[in-house]
Amino acid sequence: MPKFDSLSLVGFKSFADKVEVCFDDKLTGIVGPNGCGKSNLFDALGWVLGAQNAREMRGLKMEDFIFSGTSKRKQSGMAQATLRLKFDQEQTIEVQGREF
């Protein structure tokens with residue numbers, strides 16, 4: 001049975017820089033203060049797994065998933081999310097969401 005191995009994000013919602021979350025056997029949950037991006041991780045998983053409607057991922061239009069910038073950082077020109085699935089010790093595949 002495949003397991004989530006890692007999720008890589010760049011330019012996706014609040015993740016301007018490349019971020020990789022590794023899902024090892026010791027991970028049991030994702031916690032943090034309000035506004036730190038926990039829900040955005042799950043939106044990215046939905047996107048990679050085929051969600052087609054922006055409202056399914058808490059947005060109005062697909063452009064809402066591109067990092068929109070801050071007073072100190074310019075907006076990103078694209079958003080990308082990649083999920084790596086691990087089948088066993090030697091076999092992994094990567095599933096990439098549509099790039100915007």
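**Around Asp 43, and beyond**

The side chain of Asp 43 makes a polar contact with the side chain of Arg 58, at 2.8 Å. A polar contact is a pair of N or O atoms within 3.5 Å; within protein, one must be able to donate a hydrogen and the other to accept it, and residues adjacent in sequence count only if both atoms are side-chain atoms. The model is predicted: local features need pLDDT of at least 70, side-chain atom pairs count only at pLDDT 80 or more, and totals for chains, interfaces and linings use all residues. Residues are numbered from 1 along each chain as its sequence is written, and side-chain values use heavy atoms, leaving out hydrogens and water.

Asp 43 lies in helix H1, residues 38-48. Helices (H or I, at least four residues) and strands (E, at least two) are DSSP runs, numbered from the N terminus. Is Asp 43 buried or exposed? Asp 43 is buried, with a relative accessible area of 7%. Buried means under 20%, exposed over 50%, and partly exposed in between (1.4 Å probe, protein chains only).

Now the strands. S3 (residues 80-86) and S4 (residues 92-96) run antiparallel, joined by five bridges. Two strands pair if DSSP finds at least two bridges between them. Arg 84 has Glu 94 in S4 as its bridge partner. A hairpin of five residues links S3 to S4.

Last, the cysteines. A disulfide is a pair of cysteine sulfur atoms within 2.5 Å. The count is zero. Cys 22 is in none, as the nearest cysteine sulfur, that of Cys 36, is 17 Å away. That is too far for a bond. Cys 22 is exposed at 53% relative accessibility, and Cys 36 is partly exposed at 38%.
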